[in-house]
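Trainee: I'd like to take a close look at one part of this model with you. Could you walk me through the aromatic residues and what lies around them?

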Amino acid sequence: LAVSEARVRAALGSAKMLAWDLELETNRWHTTADLSEFYGLPRGLDNTDARAALATVHPDDVPAGLAGRARALET
């Protein structure tokens with residue numbers, strides 16, 4: 001399992017992508033990369049909190065982000 005996870009992280013990193021999981025009970029994100037580092041945001045932000053993470057998204061992109069999240073949760 002550890003080798004498989006390392007391969008996925010390496011592949012995602014090479015492609016400049018990340019994967020995420022949302023824990024529905026706590027509304028917490030778990031990502032394969034640090035979001036602040038990945039997006040070049042200030043360090044110290046709590047990007048594991050889904051609502052707080054939305055504050056880092058450009059306002060024009062929030063509706064599309066929320067729609068994508070809703071689709072992911074429905075399927």
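To begin with, does F38 count as buried, partly exposed or exposed, and at what relative accessibility?

Mentor: Happy to! Keep in mind that this is a predicted model. F38 counts as partly exposed, because its relative accessibility is 31%, and that value falls between the limits of 20% for buried and 50% for exposed. Y39 has a relative accessible area of 54%, so Y39 is exposed.

Now for the rings themselves. The count of aromatic pairs comes to 2. One of them joins W20 and W29 in an edge-to-face arrangement, with 4.6 Å from centre to centre and 85° between the planes. W20 is partly exposed at a relative accessible area of 39%, while W29, at 15% relative accessibility, counts as buried. F38 and Y39 also form an edge-to-face pair, with ring centres 4.9 Å apart and planes at 85°. Both angles are over 60 degrees, which is why the pairs are called edge-to-face.

N47 is buried, because its relative accessible area is 9%, below the 20% limit. Its side chain makes a polar contact of 2.9 Å with the side chain of S36. Setting aside neighbours within four places in sequence, N47 is in contact with W29, L35, S36, A53 and T56.

W29 and Y39 turn up again in the largest pocket. There, W29, Y39, L54, V57 and G65 lie nearest the centre, out of 18 lining residues. Strand 2 (28-31), helix 2, helix 3 and helix 4 (62-74) are the elements that give two or more residues to this lining. The largest share, 4 residues, comes from helix 4. As for volume, about 540 Å³ of space lies in this pocket.

One last stop is the start of the chain, for a quick check on geometry. Helix 1 covers residues 2-14, and its 13 residues should span 18 Å at 1.5 Å a residue; the end C-alpha atoms are 18 Å apart, so the two values agree. After helix 1 comes K16, whose phi is positive, near 55°.

Terms used:
Residues numbered from 1 in each chain as written. Predicted model: local features only at pLDDT ≥ 70, side-chain atom pairs only at ≥ 80, totals over all residues. Heavy atoms only, no water. Expected span 1.5 Å × (residues − 1). Buried < 20%, exposed > 50% of the residue type's maximum accessible area, 1.4 Å probe, protein only. Polar contact = N/O pair within 3.5 Å; in protein donor to acceptor, adjacent residues only side chain to side chain. Contact = heavy atoms within 4.5 Å. Phe/Tyr/Trp six-rings, centres within 6.5 Å; stacked < 30°, edge-to-face > 60°. 1 Å grid on protein atoms, 1.4 Å probe; cavity = no way out; pocket = protein on both sides within 12 Å on 5 of 7 lines; lining within 4 Å. Points joined across faces, edges and corners; volume = space filled by probe spheres on them.
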